[in-house]
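Open the model in your viewer and keep the selection tool ready. This tour goes from one stop to the next.

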Amino acid sequence: MSLEIEQCWIAGGAVTSYATNTPVNDYDVYPKNKEGLQSALEYGSHSGQLVHLSDRAATFLLYEKSKSGKRIPYQVITFDFFETTEALFNTFDFTACMGAWCCDNHKYIFHDSFLLHNSQRQLYYNESSPYPLSSLLRVKKYEQRGYEMKSHQRLKLALSIKHPTSWSELKEQIGGVYGETIQIDETLEFNHTNIMKVLDDAELVTLE
C-alpha cells in the first residue's frame, strides 16, 4: 500500500484485492486516533477531490487512476477510532473482508479465516456487524465477484436484522459504515406501510 498516511488502517476491499490478486477498486481508511483522522483527511484533500460527506465518512476521488482508467475512491471513516484490529473487524460483516494494512509498521493483519474464505470464495457473516441491512445489499456485490453465500449464512444474516424504530435508524442501517444512501421524506409518519412505500420509490446510492 502506497498511501502516505499515519496512525491508520487500510482495510476491507483494498486488502481483499491484494490477497486475491485483483485490481484495487477503492481504499477504506480507518483512523486509530485523532492524529490518524487528521492525517487521512489531509491526504485526501491533497491527493484528490471531496465528493461526498456524511456523518460517518468522507469520500474523495483520488487523482490516481485504476488500471481501468477510473479515479479511485478513497473513503475515510470519521464516526469512530479503531485502535486495534479486533475493534476494526468487529464492525465488518464478512470474514472475507477482515484484512487490514497497518500504515505505521507496514504489515498486514488477517482474521484467522480471511485467506481460507477468500480462497473458497465464501461469504461467512459476522453476527457482531452492526448494519445487517447494509450487509444484505452488499451480498449482491460479492456474488457478482464470484462469491457464494450458503443458506445457513443467509439465515444468520436474516436473523440479525431488526425492524428499525425511526427514519434515522433506517437510513443508518441502509447506509452502514459509509453513511446515508437513501433520501427519505421524514415528515411522513414512521410506520410499516410508509417504509414499504419509501422503499418502492427509493434510489440507493452505492458508496461502497
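**Stop one: two helices**

Select Pro132, Leu133, Ser134 and Leu137 in helix H5; they meet Leu170, Gln173, Ile174 and Gly175 in helix H7. Meeting here is contact, that is, heavy atoms within 4.5 Å. Helices (H or I, at least four residues) and strands (E, at least two) are DSSP runs, numbered from the N terminus.

A note before moving on: this is a predicted model, where local features need pLDDT of at least 70, side-chain atom pairs count only at pLDDT 80 or more, and totals for chains, interfaces and linings use all residues. Residues are numbered from 1 along each chain as its sequence is written, and side-chain values use heavy atoms, with hydrogens and water left out.

Now show H5 and H7 (residues 167-175) whole. They pack at an angle of about 40°, with their axes 6 Å apart. H5 is therefore oblique to H7. Oblique covers what is left after roughly parallel (under 35 degrees), roughly antiparallel (over 145) and roughly perpendicular (65 to 115). Axes are lines fitted to C-alpha atoms, for helices over the stretch in contact, and angles run from 0 to 180 degrees between N-to-C directions.

**Stop two: an enclosed strand**

Select strand E2, residues 27-31. Five of its five residues are buried, so E2 is largely enclosed by the rest of the structure. Buried means under 20% relative accessible area, exposed over 50%, partly exposed in between (1.4 Å probe, protein chains only). Tyr27, Val29 and Pro31 point one way, Asp28 and Tyr30 the other.

Strands pair if DSSP finds at least two bridges between them. Find Trp9; its bridge partner in E2 is Tyr30.

**Stop three: the cores**

A nonpolar core is a set of buried Ala, Val, Leu, Ile, Met, Phe, Trp, Tyr and Cys residues joined through side-chain atoms within 4.5 Å. Which residues touch the most other members of the largest one? Of its 22 residues, they are Trp9, Tyr30, Leu88, Phe92, Phe94, Leu123 and Met149. Elements giving two or more residues to this core are strand E1 (8-11), helix H3 (85-89), strand E6 (99-102) and helix H5 (132-144). Apart from it lies another core, of 20 residues, including Cys8, Val15, Ala40 and Cys103.

**Last stop: Ser39**

Select Ser39 in helix H2 (residues 34-47). Ser39 is buried, with a relative accessible area of 16%. Leaving aside neighbours within four places in sequence, Ser39 is in contact with Ile5 and Glu6.
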